[in-house]
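Here are my notes on this structure. Please keep the 3D view open and go through them point by point.

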Amino acid sequence: MDFQVVVLAGGVSKKLIPLVSKELPNALLPVANRQLLSYVVELLELNNLKDLIVVVEGQDAALNVGAWISGAYADRLHVEVAAVPEDVGTAGAIRAIARHLYAKDILIVSGDLVSDVPIGAVAATHRRHDAVVTALLCNSPISGPLESVSSGGKDKTKKPGRYDLIGLDPTKQFLLHIATGAEVEKDLRIQKSILRAVGQIEIRADLMDAHLYAFKRSVLLEVLDQKCEFNSLKHDVLPYLVRSQLKSEVLLNGTPQAEENGTEKGISQKNQQMLSQILANASEPTFHVRHALGTNGSDSVRRTHKCCVYIAGSGKYCTRLNSIQAYNDINRDVIGEASHLSGYSFSAHNNIIHPTAELGAKTTVGPHCMLGEGSQMGDKCSVKRSVIGRHCRIGANVKVVNSVVMNHVTIGDFCSIQGSVICSNVQLQERAILKDCQVGAGFVVTAGSECKGEVLAKK
Amino acid sequence: MGAPKKSAARVSEDHDELVRVPLQAILLADSFTTKFRPITLERPKVLLPLVNVPMINYTLTWLESAGVEEVFVFCCAHAKQVINYLEKSEWFSQPNFTVTTIESQNSVSAGDALRVIYERNVIQGDFVLISGDTVSNMSLTQALLEHKERKKRDSNAVMTMVIKRSKTNPAIRQSRLGTDEIFMAIDPNTKQLLSYEDKADYSKGTLHLENSLLADNPSLSLHHDKQDCYIDICSPEVLTLFTDNFDYQHLRRHFVKGLLVDDIMGYKIFVHEIRSDYAARVDNFRSYATVSKDIIHRWTYPLVPDVMNFGNTATKLERQGIYRGSEISQSQSAVVGPFSVIGSGTKVGQNTNILNSIVGGDCKIGSNVHIEGCYIWDNVTIEDGCELRHSIVCDGVIMKSGSVLEPGAVLSFKVIVGQAFVVPSYSQVSLLQQPIEEDSDEELEYADSTSVITSTVDKSEGEFASESLDAHFNPASELGFGGVGYVWPKCEGEEEWRHSVAPITEDKILEAVKAIEHELELIHDGNTLPPSGELIPNSNDSDDDDNDDSRDDFDKEVEATFLRAVHENIQDVHLTLEINSLKLSYNKITADCAGALFYAMMKYAVDMPHSSADSLIQNVNVILTKWKKVLKSYLNDMDEQIEVILKFEEMCLESAKEFAPLFTKILHYLYNEDIVEEDAILSWEDEKKDADESDKVFVNQAQKLIQWLKEAPEEDDDEEE
């Protein structure tokens with residue numbers, strides 16, 4: 001196997017509290033009643049990538065994730081779970097497991113990716129261009145992460161959020177500029193040398209780095225080794241490689257060149273020939289090759305390396321679960337617009353009601369809803385666009401709209417839940433009204449309480 | 001009610017269409033630059049022959065074919081010549097095509113020209129703005145339609161610029177036409193121009209775009225591979241804008257950038273890209289050569305020599321791209337290579353080779369002459385055995401036998417090259433001397449000096465050559481025996497290869513490529529340092545730079561103010577006032593004032609004549625005594641006094657090393673004069689305690705004084721007790 005896959009499953013993300021805890025790390029968060037990590041793992045499996053290293057932050061979280069994986073996938077996949085200390089960053093995580101990496105190319109996926117993009121195509125792009133890094137880009141999701149939880153209808157009117165500024169060449173194959181994080185809000189600074197070499201750069205604000213990268217192993221490890229201050233793949237390593245692509249520093253030492261730069265082989269010719277090639281402009285070599293040629297022959301050939309992109313088609317689903325807003329959106333999408341991701345088969349009413357679930361009289365479950373195994377609902381309930389987990393007990397006259405209810409939740413009569421997330425083992429006493437709330441695991445919402453936009457969790 | 005109103009509006013629109021004004025054009029018959037000197041000292045650029053036809057004919061022919069009905073030719077430099085030429089030509093008598101000249105003697109830029117035209121009040125609708133040195137065969141219909149559509153939707157869309165894709169290869173992108181590189185940012189959907197950067201603000205290795213540009217559009221494309229054709233379709237508002245902003249001079253540098261930067265008025269500029277059509281401007285000698293070749297290669301069809309005839313006798317195209325006029329006498333043994341032009345009435349002698357060259361009418365070329373890549377105009381005499389490579393030879397030049405032109409040479413009108421003389425590469429030769437008044441601002445200079453020279457040339461056109469011959473030249477002149485003409489000293493040596501007609505040598509290409517690479521390295525040095533690898537620290541750097549700059553400016557201002565005070569005997573009080581106002585405008589603290597003022601005084605002391613160290617001290621004494629009051633008004637605090645000492649130390653180290661040996665003496669003097677107090681000196685020493693040895697030079701030098709100061713206060717204390 002010449003692609004090794006590293007899944008960065010994270011640990012307990014601060015952004016997702018109170019939904020996650022040490023017992024329930026990010027990776028195991030239920031999305032449409034499946035563990036979050038299963039979406040990535042099964043996507044990889046679908047692309048015939050079965051050799052995985054799952055990196056989890058924190059020892060406890062790692063144990064939990066490991067236990068789940070060995071139960072779920074032991075027969076099908078070869079998965080190793082590695083624990084790294086918390087807060088080492090993505091670059092640190094790769095450093096920590098560097099000695100386990102041996103394949104020529106490494107595919108690094110964030111464990112919170114929910115997508116149906118053909119990863120094989122990303123890998124193929126990487127190989128075809130012999131790139132040092134290939135990044136998956138997708139359209140920016142419509143709703144921004146900073147906005148508070150809002151109802152589904154409103155989202156359509158919002159402008160796409162702005163996550164990254166990405167510069168592409170006219171053929172949309174190469175990554176020429178990337179600004180992420182705080183840089184997005186600043187003025188744009190483009191290296192003139194790259195613009196000169198390429199001629200035209202298209203700057204896109206509507207694309208997002210999906211945090212799925214194919215790296216050349218030797219390059220990745222060398223960069224991580226030399227630049228020990230680099231902390232994040234997305235914010236440090238990728239921008240560094242993009243910036244230095246016309247004056248590569250990564251391939252100079254150590255690794256043999258023949259393996260690395262297939263395209264540049266046989267290029268080191270005499271001065272004269274190179275000039276004639278520049279001026280003849282006969283064939284249209286990529287700008288990398290052209291740039292590599294355009295130097296004095298007495299010096300060493302200019303080093304270039306390629307940073308490629310694979311842009312997911314607009315029909316593809318590709319989102320990261322990295323905020324509570326995203327958690328709501330993804331749950332909604334997985335049982336709604338992107339229902340093929342869930343792996344369930346939908347009923348004629350466009351919803352999924354487990355055969356063991358029990359519904360009371362005059363209770364309606366609308367389309368794009370899910371009702372888990374063994375859950376019971378009383379009379380005259382209404383569920384719209386929501387996910388309800390396993391073994392929940394729901395009383396009569398309860399309304400659940402645009403919400404996620406996890407497992408073993410008890411909901412009293414006349415409760416109303418809208419746009420909220422209710423974690424496992426929560427008890428909602430009767431007539432509780434929740435709107436845009438997150439209720440942490442095991443919390444008890446007292447009878448008649450009315451909350452709006454609050455976070456309720458055990459201290 | 002709504003419906004009839006609508007239809008009424010439509011009727012009025014149609015009405016507008018019916019009385020629509022004829023399509024007008026403004027042709028600037030003056031480029032307001034000096035790139036074609038020395039030739040343009042004697043003849044305006046638009047009348048220079050491009051493949052044996054004066055340039056302005058290409059522009060006018062295109063305007064006529066593109067459907068323009070009324071052209072205003074703006075003449076400035078050599079206006080008389082342009083007008084005379086147009087009067088003699090057929091342009092004034094064309095049906096459906098009126099040519100009107102507008103003459104102005106005191107315009108120095110395109111901006112001035114447009115202001116003059118605005119005053120004439122002749123432009124009624126959209127117009128084409130073009131300079132008289134543009135060769136194009138593009139169809140205007142599409143661009144005009146787009147412009148009108150946009151204008152209807154958004155009245156702020158005032159201009160459409162025509163651009164063209166240049167070569168894909170970065171190595172020849174600029175060198176082809178010898179133009180400066182342009183960075184453009186364009187909205188790919190609306191084709192709105194968002195940013196335009198040319199060499200004038202070419203500074204750092206990064207292109208800086210404001211974040212707000214991306215606020216409305218999800219994408220924008222940055223271009224380095226586009227070439228500006230200098231054909232603009234403008235709305236009448238453009239003229240108003242030039243009138244309102246009287247500092248707009250250059251069309252691109254001021255006007256376009258001004259509009260792009262100004263977000264209050266919200267005027268927008270759009271681009272129209274032509275793909276298969278031809279458009280280029282003859283901007284310098286290199287583009288002169290390139291465009292000439294393009295014409296011979298028929299890229300500009302129908303603007304090619306055998307189709308365009310302006311009173312000349314017919315030119316015929318033979319195979320291999322050889323164009324021949326009539327009545328040519330060519331020796332059997334002479335060879336004319338492919339892609340050459342020979343004008344009517346020219347005689348070519350035996351064993352002469354003419355390769356890739358354009359030869360004008362009525363030339364006499366002797367035998368055994370080698371001409372390669374040259375542009376030879378009319379009535380040129382080339383005697384036997386000459387060798388000409390990649391040069392421009394103007395009307396009436398005589399090359400005596402055996403003389404040689406090396407690549408890049410330019411011979412202006414009626415120059416005579418002496419026997420067997422070798423004109424070196426890139427030399428410019430003219431009968432006129434190089435104008436002396438070299439203003440740094442090239443645009444302003446051009447019209448000024450030429451308007452003076454024009455008059456003399458116009459007056460004495462005929463006799464001029466003979467007159468100057470008698471007056472200034474002896475037989476063994478700068479151009480060899482029998483030569484006539486001045487070889488102009490080279491001014492901008494670095495760039496001449498870029499603009500000249502000579503092919504660019506390989507080492508120059510490599511040099512240019514290396515320069516770019518060097519720049520690349522610089523960027524990297526800057527960027528690899530920050531730990532996170534982000535570009536943010538860069539921006540901090542630039543901020544720091546700004547601060548430094550403003551500080552330098554402040555110091556300079558204070559120094560200038562002080563010197564003025566010294567020379568004009570300004571009172572102390574007034575000087576203090578002026579420095580205070582500087583302090584406020586530069587947002588400085590008192591310590592900065594003290595430092596800057598002290599620096600100015602000491603600098604003045606050094607600059608005053610002095611023979612020895614003692615007289616220098618004497619100078620210092622004089623100045624300090626005189627201006628002590630002003631200085632002391634900034635020295636209320638100990639920090640400010642320390643600043644003065646530090647400044648002095650810095651001066652001794654860097655700008656005025658003469659003070660170095662006198663440091664202690666002057667410091668003592670400052671102490672005696674109560675300019676610095678002992679606490680300041682002591683805390684200065686204290687501050688330096690942990691510094692490097694190299695920084696402590698002066699502390700050590702002043703150790704005696706410090707020792708003495710330290711002992712003295714104890715005594716004081718004792719006395720008090």
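1. How many bridges join strand β28 of chain A to β31(A)? Two bridges join them, and strand β28 (residues 427-428) runs parallel to β31(A). Two strands count as paired if DSSP finds at least two bridges between them. Helices (H or I, at least four residues) and strands (E, at least two) are DSSP runs, numbered from the N terminus.

2. A word on the source. This is a predicted model, in which local features need pLDDT of at least 70 and side-chain atom pairs count only at pLDDT 80 or more, while totals for chains, interfaces and linings use all residues. Residues are numbered from 1 along each chain as its sequence is written, chains are lettered from A and ligands numbered from 1 in the order in which they are written, and side-chain values use heavy atoms, with hydrogens and water left out.

3. Now the sheet in chain A. Five strands form an open sheet in the order β19-β22-β25-β28-β31, with parallel pairing. Its edge strands are β19 (376-377) and β31 (444-445), and each pairs on one side only.

4. Chain A as a whole has 12 helices and 33 strands. Of its 459 residues, 59% count as buried. Buried means under 20% relative accessible area, exposed over 50%, and partly exposed in between (1.4 Å probe, protein chains only). Take the contacts in chain A with a separation of 6 or more: residues 24 or more positions apart account for 55% of them. Contact means heavy atoms within 4.5 Å.

5. Look next at a hairpin in chain A. Strand β9 (residues 164-168) and β10(A) run antiparallel and are joined by five bridges. A:Gly167 stands opposite A:His177 in β10(A). The hairpin has six residues between its strands, and A:Lys172 in the turn has a positive phi of about 60°. Is strand β10 (residues 175-180) enclosed or open? Six of its six residues are buried, so β10(A) is largely enclosed by the rest of the structure.

6. Chain B has a hairpin of β9(B) and β10(B), also with six residues between the strands. Here B:Lys191 takes a positive phi near 65°. Four bridges join β9(B) to strand β10 (residues 193-197), and the two run antiparallel. B:Phe183 has B:Glu197 as its bridge partner in β10(B). Strand β9 (residues 183-186) also has three bridges to strand β12 (residues 219-223) of chain B, again antiparallel. There, B:Met184 stands opposite B:His223. Check the side chains of β9(B) too: B:Phe183 and B:Ala185 point one way, B:Met184 and B:Ile186 the other way, and all are buried.

7. Chain B also has an open sheet of nine strands, in the order β16-β17-β20-β23-β26-β29-β32-β35-β38, with mixed pairing. The edge strands are β16 (316-318) and β38 (486-488), each pairing on one side only. Inside the order, strand β20 (residues 340-342) and strand β23 (residues 358-359) run parallel, joined by two bridges. B:Val341 has B:Ile358 as its bridge partner in β23(B).

8. On to helix packing. Helix α4 (residues 110-120) and helix α8 (residues 237-244) of chain B pack at about 115°, with axes 9 Å apart. Axes are lines fitted to C-alpha atoms, for helices over the stretch in contact, and angles run from 0 to 180 degrees between N-to-C directions. The contact involves residues including B:Leu114 and B:Tyr118 of α4(B) and B:Leu239 and B:Phe242 of α8(B).

9. What of helix α17 (residues 590-607) of chain B? It has 18 residues and reaches 25 Å from its first C-alpha to its last, close to the 26 Å expected at 1.5 Å a residue. The expected span is 1.5 Å times one less than the number of residues. Because 14 of the 18 residues are buried, α17(B) is largely enclosed by the rest of the structure.

10. Last, one loop residue. B:Glu658 lies in the loop between α19 (638-653) and α20 (663-672) of chain B. B:Glu658 is partly exposed, with a relative accessible area of 41%. B:Glu658 and B:Val606 are 52 residues apart in sequence, yet 7.8 Å apart in space, C-alpha to C-alpha. Not counting residues up to four places away in sequence, B:Glu658 touches B:Val606, B:His610 and B:Leu616.
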